[in-house]
Amino acid sequence: MTSTIVNVALNRPLFKEFAYVINKEISDSHIGCRVKVNFANSTMIGVITKVGVKNNSSIKLKEATLIDEQSFITDDVIKMLEFGSNYYQYPLGQCFNVALPKLLREGGAFSYEKIPALQLCCNIDGEILKKIKSDDQKRILDLLKTGPIQRKELRERGFLSSTENALIKKKLVEIINIEKKENEAFSTENILKETPPQANTEQLSAIYTVQKNSDFKVFLINGITGSGKTEVYLRIIEDVLKKGKSVLVLVPEISLTPQTFDRFYRRFNVPVSSVHSALSDRERLDSYIDMATGNSGILIGTRTAVFTPIKNLGLIVIDEEHDSSFKQNDTFRYHARTLAIMRAKINNCPVILGSATPSLETLFNCYKGLYSRIDLKYRAGGASYPDFELIDLTKEPVTEGLNKGLSQTLEDRIGEETAKGDQVLLFLNRRGYAHHLVCHLCGHVFTCPNCDNILTVHKTNHRLQCHICDTIFTAPEKCPVCENTQLFEQGFGTEQVNDYLKDRYPDVGIERIDRDSVTTKNQLEIRLNRVRDGKSLIMLGTQMLAKGHDFPNVTMVAMLDIDSSLFCDDFRAMENTAQLLTQVAGRAGRGTKKGKVIIQTHHIDNELINDLINPQCSYIDIANKLLETRKKLSLPPYSYQAFILCNSSIRNKAFNFLSNLSDKIKTFKDNYSNLVITPVMSDKMEKIQNRFHFHILVTCTDRNELRKFLTQVRNTVEEQTVPNDIRFAIEVDPIAMY
DNA sequence: AGCACGCCGACT
DNA sequence: GTCGGCGTGCTC
């Protein structure tokens, strides 16, 4: 009888794998296969990490049942996860858990089921088209002319399922189930579906620079907004596809809009797959199989897409590489950019980082010569860069508008633009009606009972909401302390500005775009379409509006409250503000009309603001200045940081646990060079959802020393058992401060 | 993380 | 007497 011993990684917070006997002749090629095992009296699914280990413990090994005949997790993904586990101090078994789609995690089969699609069920002639009024219905019929399309794809391209259903009802289209087979490699003939537009010389040179290299190399494409970065990606992707290789495209959650998908679906004949939050578990698995078996040539996805096994991976593109949504802030606290670069290195293929506002980390790596930077300085299609104008709020009269964030000067400008029929975009990064509610008599401020946070006033449904834990309270009639009924709303949010704008410009359509007013993708589409169709001239929104979307007729962009993002104790505040403003400014004047950007501030002399509005001073110039400051203060990227995090529902328990750990750390921290640790401190917001949060910040100039130190910290924690009700985590390379 | 084991308090 | 609270320790 042959019996092989394998190591299995399990979804448990344990930094070791467990040995099992497997009743089958298997080899190293089975690394990555799932097995069913009994672990501590329960049945679990684990992943084989080693084959043919010796049983050097005296325990009688249990038996593992093989689930997969062959591993679908590619070697590069396994190596990337092993790196990630070490680098981010997170157990390998739990890393696998994050990396696998839910259905596979739970033991489901690695195979397709029937995939719902639409196909035409009669000839569509002019007569039929005449009877159809809906543009979307016509567009669907047009797309279906070339063959059936998956319902998932139609959804991604912005069509409503109700539009599809209307066509089904008219018996013009029918639902069919596509039966896909695994391992149907995409054809490298006729890659293109449409002829690409003419690229300009700058774009061509960027394309050429990347194309001539097919080994591991990191490129930063630093292209100003409107310079046609996406076109550059598409050309390079085309070239990779022609070689029969596949491409991974990582994008921030926010940019998964129909336009993004359309760009890829329209351009390539090659199947395109996707990973994003709007997919069902089954659809996620389908995309996973598409890529692992080489059925699709392109995967577009958010940060989790970095874990998808890809047959013949030839290129990774990370669009908007500075975007903070590539960082996961719970469980496996990885940065998708870091893992993607490691994956490309393992896989020996190039990586393209694209951004108009690269992160300081990435720029620093360019200066060190680790990445090569390609600049795109001209706006494709000849659109000119906008003019900047500051409004000095200290010189503005105190009007009703000013209390709602709009100075007299800005109001006049909005009036002028909209009178011409031009569109304006107003940006305010604060949702809700009012910042907080205060008692006029005793000064009591309404706060969240579960968090150390003030409650935001929302007028719709008459409620107060905590933006930390999302708890909603009905707005009170009186002060709970002094019973006074005069309660004042202080500070303004998008909801209030929206109300004011409606009164002030009653004849102009206004679209408010934030998390409260836009709860589904479709709602966002409807609003954006009203803007594109010119039905609405004013857009008011939060972050949601800052990125990705193209509005050719927007001639003016205004930042209502830049001051609040400027004065913040986070050392990244300046970088984030510079990125935000540059991105927002990029929304103006993308069409033929020249755009302007208006910034309201009480701090007219602020250096950063003046740099931002100075046409002689580019984002890179500002970033260079910020890098200088970071260097002087020895802050990242000139040093590496990690947080040791701990929280508990009992305040003392969390504090004592970390203090204890801190004492132990002090006994060995001097074995590591250039390491600085802070005392145990409360988080900025100590209480969140009734749990008390504490941290220790570790800073080190050497990445490797830091890693070794953190491993010892983690081992120290493992020696004792973490008490009940204590949550403990290590966060490496944090981008948010605690 | 789960789950079992074990050692003390407040019940029928 | 016993049910169950959760602190402690282990999982191939």
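Colleague: What should I keep in mind about numbering and cut-offs?

Modeller: Residues are numbered from 1 along each chain as its sequence is written, while chains are lettered from A and ligands numbered from 1 in the order in which they are written. As this is a predicted model, local features need pLDDT of at least 70, side-chain atom pairs count only at pLDDT 80 or more, and totals for chains, interfaces and linings use all residues, with side-chain values using heavy atoms and leaving out hydrogens and water.

Colleague: Which residues does the "binding site" annotation cover?

Modeller: The unreviewed UniProt entry lists Cys448, Cys451, Cys466 and Cys469. They are spread over 22 residues of sequence, yet they cluster in space, with a largest C-alpha distance of 8.8 Å. Bear in mind that UniProt annotations may be inferred rather than shown by experiment.

Colleague: Why is cysteine 448 called buried?

Modeller: Buried means under 20% relative accessible area (1.4 Å probe, protein chains only), with exposed over 50% and partly exposed in between. Cysteine 448 has 4%, so it counts as buried. Cysteine 469 has 14%, so it is buried as well.

Colleague: What makes Cys466 a contact of cysteine 448?

Modeller: Contact means heavy atoms within 4.5 Å. Leaving out residues up to four places away in sequence, cysteine 448 touches Asn453, Leu455, Cys466 and Cys469. With that same exclusion, cysteine 469 touches Cys448, Asn450, Cys451 and Gln689.

Colleague: Where is cysteine 448 placed?

Modeller: Cysteine 448 sits in the loop between β18 (434-439) and β19 (456-458). Strands (E, at least two residues) and helices (H or I, at least four) are DSSP runs, numbered from the N terminus.

Colleague: Now for the strand. Why is β13 described as largely enclosed?

Modeller: Seven of the seven residues of β13 (residues 313-319) are buried, so the rest of the structure largely encloses this strand.

Colleague: How do you know that β13 pairs with β10?

Modeller: Two strands pair if DSSP finds at least two bridges between them. β10 (residues 246-250) and β13 have five, in the parallel sense, and valine 247 stands opposite leucine 315. Four bridges join β13 to β14 (residues 351-355), also running parallel, with valine 317 opposite isoleucine 352.

Colleague: What makes the crossover from β13 to β14 right-handed?

Modeller: With the strands pointing away from the viewer, a right-handed path from the first strand over the helix to the second runs clockwise. Here the chain goes from β13 through helix α12 (residues 336-347) to β14, and this β-α-β crossover is right-handed.
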